[in-house]
Structure formats: C-alpha cells, structure tokens
Amino acid sequence: MIKLYDYELSGNCFKVRQLMAWLGLSFQRVPIDFFPGKEHKSPHFVDNVNPLGQLPVIDDDGFLLRDAQAIMVYLASRYDPRKSWYPDDAKLRGQITIWLGTADEITRTASAARLHDMLGYPFDVDACRRGAHAVFRVLDDHLAERASDGLQWLAGDRPTIADLACFPYAALSHDGGIALDEYPALRAWIWNFRHLPGFVGMAGIPPPNPAIVPIDPGAP
Amino acid sequence: MTTLTDDPNVLDEWLIAGAASSLAHSSAGRPVITGLLGQQAALWREPDGALRCRMGTLTPTVQERYGYVWVCCSGAPARPLFAFPEYDEPGRRIVDCGGIGVAVGGLRVVENFLDMGHFPYVHADFLGSVPRTEVVPYDVRTDADSGEIWASNCRFWQPITSASASGGVEAQYIYRVAQPFTAFLYKTCVPRPDKQDAIGLFVQPVDQERCIAWCLLVYFEDELTDTDLIGFQQTIFGQDKPILENHVLKRLPLEGRLEIPTRADVMSVTYRRWLKARGMRYSVHV
C-alpha cells in the first residue's frame, strides 16, 4: 500500500490526499509532527525520507517520491486508467506543466504568508503577499479568459492536476491575510472545485456541507 | 505598534507569551520577539535560568509555568497565576500542541471554545453530526472564591471525540474559564473512567484583533503518539479558524443587542457578563 508522509494542515499534502481519493487509492498515513515538532527537519526524516526536509513524500512499494507536483504526475500517470487527471496529450501536458510551475510560485508566496501568520515563521510577509497577489492576478485573468470561452478549468475541458496543484493555497489565502476580493474568476473557480464530486477537503477548506440545504428562491 | 492599553484586565493579568522551550537558546543580546497587547515583547533566559522580558518602557514580570512563559505587563499582577493541579498529577501526558495565529480578537477564540452548538456544523463527523444538534441544558456558575466560571453536566453526542476514539460517544464535558484569555475543558478519560482528561486553551492577545491560540493537552493516554494527539487538535482548530476569522466584528461585543444568544449559549452569555462585570475593554467591541 502507498505510504504518505502527511501533515493535515499542509495544502501540498492535501493535493496528494485528494488525488488518491479521486483515484480510489487506499493509502497509509504516516503523520508527521510538522508543527510545533518540526519533525520534517529532523535528522531521521532528512536522511531517510526527504533530503529537502519537506512534505509530502510518498513511498509506493519502495519507490520514494517527494514534491506534491511530482507525486501528482506519478500517481495520475500510473493509477488513472481514464487518463483524466493528466491526459495523454502533448499540448495539454505542456499547458498543465505551466500551472504546476505556478503552483510552486503560489507555495513560495501565499503558503509562506500563511506560515508566517499562522505558525509564526519569520518571513517578510509583505513580500510574500505582494508575490501572491501577482500570481493570483495571472490566475484570475486566465480563468476569466477561459470563462469567456465557456471553459471552467485551467487546462482542457475537465479538471486536471493543474487545478489541484493551484487550488489549496488559493483557497487558504485568508490564512496569510490575502483577500481574494479582486479576483472574481478565481473565486468562482474555487467554488466550482469545492463542489466537484468526491471533494474531501481539509481543515480550513471544508467540503460543501450536505446538511445545509440551499434555500430554494422559488419555494413559497 | 499601537498605543498601549490602559485596561488593567490585561495589564495586571498573567498573559501567555510562548512556549518556555522556545527560549532555550535566547539571551539578552538575542531575545525571542513576540507580540503582546500591540507591542513587541522581547523574551530571554539569563544564564542563571531566570526569565526576562523587555517591552518598551514597561517593566514586566515573567514566570515559567505549565511549560509556557507568562508575562504580567505592568509588573504588578492582580493575582497569582491560576491553579492547574492536573498538570502536576503523576501519570499524565503533557503535550503542547503549539500556538496558532488567528486574525481575530482573542476573546472570540475563548468564547468559541466554550460553545457546543457549533460542533455538528463546523466539526461535522468529528465533534458532532447533523441532525444530532441539540445542546441539552447544562449548569453554569461563577465560583465565589476563585471568581472562575464553571459549566458542568455538559453532554454532546460526538462521532470522533478524540484521537483515541473508536466510535461515537456521548461526551461529558466540564468547562472552566480561569482568566479572560484562559479556558479549560475537562472530558471523560476513556482509559481511566475515574479521571478526566484536560485541555487548556491559552490565548495570547497579540493585539486587539489578532491572537495566538496555545493548546495544551494533559491526558491519561498511553497508546497514541504526540503526533497523533497534536494532529487531532490542530485539525479541529483548523476547522474553527476560518469561522473565527469570518466574524465581521473582530472584537467581542458585550452588549446584548449585536448578537442574539439562544438557550444553548448560557455559557457564552455568562462569559460576556463576567467580562462586562470586570470592566473588560481590551479586545471588546465598542
């Protein structure tokens, strides 16, 4: 069974949990005390699991792989028989890879602001927030353009790992003091992503609550 | 940096300022900096072990207790630090879950901790589950000697009450408010039914609209790892966080008309009246 070195509040770990849920893969969690224990920086973890001291990491029957984006490419390539999350199409894969790079930029900016505000990391939070706004501007413009063509997702006509890669730290941006008021297309995309069937969510990004029934405006 | 408050409810009170372990490599030349009451507080440990705090023109008093650093900003504490006898009870596991920054006034975080009504909605499938949403009546009193609020006979059906849970239970709680920014929850201890596990919530008021919420577990628990226990607590708090930060009023309103309580909110009503009676102004909506 696939092992996932995991931390609940990590958006990058969420990407892997969510993809495995969508692929119907069962996995064994290896919980890591990221905070306050900094277990991902411990000698044991750095020597045996990930020399960069980062999460997530998977161990698929002895095949150790780090980096959320790399793990998604691997899992979707190997375990998605419908080739839906990482389609076998040269142009689409090129476009998806753009957004995997953008996801790293979101981690460097919006996720860093979140670590500062939430867990007290000593980062230059103003620089993190400026960087996050710059990358969210690009995302919002792209999504607005796509919407004008009747398309909802970052690449192709279905959700892919491009969307999953960019989603969590956009949805958690408020944790880093970054408001999304200026990005209506980005907010609509977050809403649509949360409402995909099988969305598991995480602490801070709850799945839509089935117990809360929207009010029917046509009801008497 | 903001003007220092003149509210004695915070100036003369013991306020948490971080984990004692974080000062391990500190010194007068390399203090640990944190935020308290809108000011920067510099904390360090002297070579002889004594804790020191520098905060602008103030001369705060510092003490180490329950694994944390406590600061009285005025240097003239109104009372000793609250008692927490369970902390020193043999056989207990002590687990610091760390401090999580929240962009809301600290009194909001304490009030949310005291509220059972939100369990089935915010902590769905953990601390509650729709349609079992009823908060059955419980007892609240203010202890004449200690001045603390105690709520007892609190019961709530919980699908996963803790990291060690193996199925739904009717959890039995006792709540305690020891200071405006300090509350406890005592709950039935699964392996030792004659004892109660304790959770301490210690809120550090960074300023009137931002805080750091520290959580301490004092459990009888032999099987789970610290990582399991911390993970559960952080998951629960991670669910609360966006709800807390969505409050339009970042500070707690103490006047009755702004937010309407129901029968289930007796504890919250008592907490707000208790704050009002002591003339609390810091982190209070006016």
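Predicted model: local features only at pLDDT ≥ 70, side-chain atom pairs only at ≥ 80, totals over all residues.
How many residues does the contact take from chain B and from chain A? It takes 21 residues from chain B and 18 residues from chain A.

## The contact between the chains

On the side of chain B that touches chain A, two elements each supply at least two residues: β7(B), residues 93–102, and α4(B), residues 226–245. Of the elements of chain B, α4(B) gives the most to this side, with 12 residues. By class, the residues of the side of chain B that touches chain A comprise 7 nonpolar, 9 polar and 5 charged.

## Overall form of chain B

The secondary structure of chain B consists of 5 helices and 15 strands. Its C-alpha trace spans about 55 × 45 × 35 Å along the principal axes. A compact globule of 286 residues would have a radius of gyration near 19 Å, and chain B, with 19 Å, agrees with this. Within chain B, 42% of the 286 residues count as buried. When contacts between residues at least 6 apart in sequence are considered, 60% of those in chain B join residues at least 24 apart.

## Domains of the two chains

Both chains have a domain assignment. Chain B is divided into domain 1 (8–72) and domain 2 (85–285), while the assignment of chain A gives domain 1 (2–79) and domain 2 (90–194).

| Domain pair | Separation of C-alpha centres |
|---|---|
| Domain 1 and domain 2 of chain B | 25 Å |
| Domain 1 and domain 2 of chain A | 21 Å |

In chain B, 15 residues of domain 1 are in contact with 18 residues of domain 2. On the domain 1 side of this contact, two or more residues come from each of α1(B) (8–11), β1(B) (15–19) and β2(B) (32–36). The largest share of that side, 5 residues, belongs to β1(B). The side of domain 1 of chain B that touches domain 2 has 9 nonpolar, 5 polar and 1 charged residues.

In chain A, the contact between the domains takes 11 residues from domain 1 and 12 residues from domain 2. The elements giving two or more residues to the domain 1 side are α1(A) and α3(A). Of these, α1(A) gives the most, with 6 residues. The residues of the side of domain 1 of chain A that touches domain 2 divide into 6 nonpolar, 4 polar and 1 charged.

## A three-stranded sheet in chain B

Three strands of chain B form an open sheet in the order β2-β3-β4, with antiparallel pairing. Strands β2(B) and β4(B), the latter covering residues 51–54, stand at the edges; each has a single partner strand, so one side of each is left without a neighbour in the sheet. From one strand to the next, the twist averages 30°. The antiparallel strands β3(B), residues 39–45, and β4(B) are joined by 4 bridges. Leu43(B) has Cys53(B), in β4(B), as its bridge partner.

## The enclosed strand β13 of chain B

Strand β13(B), residues 210–219, is largely enclosed by the rest of the structure, because 10 of its 10 residues are buried. Arg210(B), Ile212(B), Trp214(B), Leu216(B) and Val218(B) point one way from the strand, and Cys211(B), Ala213(B), Cys215(B), Leu217(B) and Tyr219(B) point the other way.

Strand β13(B) pairs with β7(B) in the antiparallel sense over 8 bridges, and Val102(B) stands opposite Cys211(B). Strand β12(B), residues 196–207, also runs antiparallel to β13(B), and 9 bridges join the two. Here the bridge partner of Gly200(B) is Leu216(B) in β13(B). A hairpin through 2 residues joins β12(B) to β13(B). Strand β7(B), which pairs with β13(B), is also among the elements that supply residues to the side of chain B touching chain A.

## A covered helix in chain A

Helix α6(A), residues 161–171, is mostly covered, with 11 of its 11 residues buried. Among the buried residues are Asp163(A), Cys166(A), Phe167(A), Pro168(A) and Tyr169(A). The covering of the buried residues of α6(A) includes α1(A) (11–23), α3(A) (68–79), α4(A) (90–119), α5(A) (125–148) and α7(A) (184–194). Both α1(A) and α3(A) also give two or more residues to the side of domain 1 of chain A that touches domain 2.

Terms used. Residues numbered from 1 in each chain as written. Chains lettered and ligands numbered in written order. Rg over C-alpha atoms; globule rule 2.2 N^0.38 Å. Buried ≥ 20, exposed ≤ 12 C-beta atoms within 10 Å, placed from the backbone. Contact = placed C-beta atoms within 7 Å. Nonpolar A, V, L, I, M, F, W, Y, C, P; charged D, E, K, R; others polar. Pairing = 2+ DSSP bridges. Domains from an automatic or database assignment. Axes fitted to C-alpha atoms, helices over the stretch in contact; angles between N-to-C directions.
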